Amino acid sequence: LQGSETVTLEVRDRDKTATFSIRPSQVAEKIRRVLDQPFDVAGHLLHISCSVGIALFPDHGDDNRQLIRHADHAMYAAKQQGGNSFVAARVPQEAV
């Protein structure tokens, strides 16, 4: 990772006793909307945006390195599409 990149990991219940009703795209959109609001810093309004790449276990990898690599590629795809958006990683060909 470099520059202003940040990694966010979603942890799921291994025992599957908890129910998660939110999709990764909903989380990414919520982050995007919050960051899209202007920030007041010392009387100056700052506008920022974000590009989010989504990778899911086990669809996009079975370890942190693979997941981060796929999320990173997806994030750059979001940037290439103009930024201020999110893109889900493609399922690796060997998994199809």
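Reader: Why is Ser85 called buried?

Author: Buried means under 20% relative accessible area, exposed over 50%, and partly exposed in between (1.4 Å probe, protein chains only). Ser85 has 19% relative accessibility, so the residue counts as buried. Keep in mind that this is a predicted model, where local features need pLDDT of at least 70, side-chain atom pairs count only at pLDDT 80 or more, and totals for chains, interfaces and linings use all residues. Residues are numbered from 1 along each chain as its sequence is written, and side-chain values use heavy atoms, with hydrogens and water left out.

Reader: Thanks! What is Ser85 in contact with, leaving aside its neighbours within four places in sequence?

Author: Contact means heavy atoms within 4.5 Å. On that basis Ser85 is in contact with Arg32, Cys50, Ser51, Val52 and Ala78.

Reader: Which residues of α2 are buried?

Author: They are Leu67, His70, Ala71, Ala74, Met75 and Ala78.

Reader: How do you know that the buried residues of α2 line one face?

Author: The arc is that of the directions from the helix axis to the C-beta atoms. Seen down the axis of α2, the buried residues fall within an arc of 145°, so they line one face of the helix. An α-helix has 3.6 residues a turn, so residues three or four places apart point the same way.

Reader: What does each side of α2 meet or carry?

Author: Its buried residues pack against β3 (51-54) and β4 (85-88). The face turned away from the buried side carries the exposed residues Arg65, His73 and Gln80.

Key:
Helix = DSSP H or I, 4+ residues; strand = E, 2+ residues; numbered from the N terminus.
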